[in-house]
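Open the model in your viewer and keep the selection tool at hand. The stops below are meant to be taken in order.

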Amino acid sequence: LEIIVTIINLNDNSPVFKQTNLTKVVPEDTKVNATIVAREDLSASDADLDIIYYELSSTVQNTSNYFAIKGVNNPEIYLQKALDYEKFKQTTLLLYARDRPVDSNETTHTATATINIIIEQADTKPPWFLPCSFIDVDKSICISSPYTGRVNMSEMSTEPLILEPGPIYAIDPDYILNEKIVYSIVGGDVDNVFSVDADTGNLTMNKIATSPDSYLLQVMATQVNNKQKYSVVSVEIKVINKSDHAPYFESGIYTGTVSVGLVPRSFVFQAGDPSSPLMITAADDDFPDV
């Protein structure tokens, strides 16, 4: 009597990862859809030769939508959303391997691998002139106001010009990298009246200003390591006539009278002349006709 015995494979083994804990350093400027962890580094094996089903999740809030796997049977992890070092600097992913589909009623064995993702800051932002104001909630774009200053007609200052709202100054917003920045005038200096210190940003004069017209300079801040990372700001320099005299009050004492019970913003009248409002006047000998 010939008896044929068929051995039915019992699902008694769990999937096994090659490595259950791995770390990947990912540059901030990694392109979307780029592979983060290759399939061969993540594929699990099963002694029962079952088909493996994968699922990816994140243990860090608001980071799960940045990474995904190629498919339920393909554990290759890729980037599906552009990274931002300012939003998060690291996250932890959990990759599950099951020998049955998630919704299966059969006995299922599961293995877990931990993938630690460390974001490496990249040189993604151009310099910011300070002070500046953020225009987005992510604080990724900071807009500066123009600088303003003034010089006297036919007089050359030997000191750096005083500007508002402050001296010319730019930073690399990629704070960890903090690349060196140099300054240059790229427009508006038609008579070569001004110079800017490449290292400090101090604005000085080369010669006197002979025209009453204002100068609207364009100053550029450029990263030394990458000339394509730059920003330009406007600097308005007004040319004014030099003031040789200080203003002065035309009287040393002013005397006025008010009545009890007057409402706010009522006139104060000159003492001795109740029909004339009290006026405080000043003069400046630089402007004799004013």
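Select Ile-7, which is exposed (over 50% relative accessible area; under 20% is buried, in between is partly exposed; 1.4 Å probe, protein chains only), at a relative accessible area of 72%. The model is predicted, so local features need pLDDT of at least 70 and side-chain atom pairs pLDDT 80 or more, while totals for chains, interfaces and linings use all residues. Residues are numbered from 1 along each chain as its sequence is written, and side-chain values use heavy atoms, without hydrogens and water.

Ile-7 sits in the segment before β1 (16-17); strands are DSSP runs of E, at least two residues, numbered from the N terminus.

Next, go to Phe-67. Together with Ile-77 and Ile-115, Phe-67 has the most contacts inside the largest nonpolar core, which has 25 residues. Such a core is a set of buried Ala, Val, Leu, Ile, Met, Phe, Trp, Tyr and Cys residues joined through side-chain atoms within 4.5 Å. Colour β9 (110-120), one of the strands that each supply at least two residues of this core; β9 gives the largest share, 5 residues. For a second, separate core, of 23 residues, select Val-196, Ala-209, Val-219 and Ile-237, which are included in that core.

Last, show Cys-132 and Cys-142, which form a disulfide with sulfur atoms 2.0 Å apart; the cut-off for the pair of cysteine sulfur atoms is within 2.5 Å. The link is right-handed, with 95 degrees about the S-S bond. Cys-132 is in strand β11 (residues 132-134) and Cys-142 in strand β12 (residues 142-144), so the pair ties together parts 10 residues apart in sequence. Cys-142 is buried, at a relative accessible area of 8%.

How values were computed:
Helix = DSSP H or I, 4+ residues; strand = E, 2+ residues; numbered from the N terminus.
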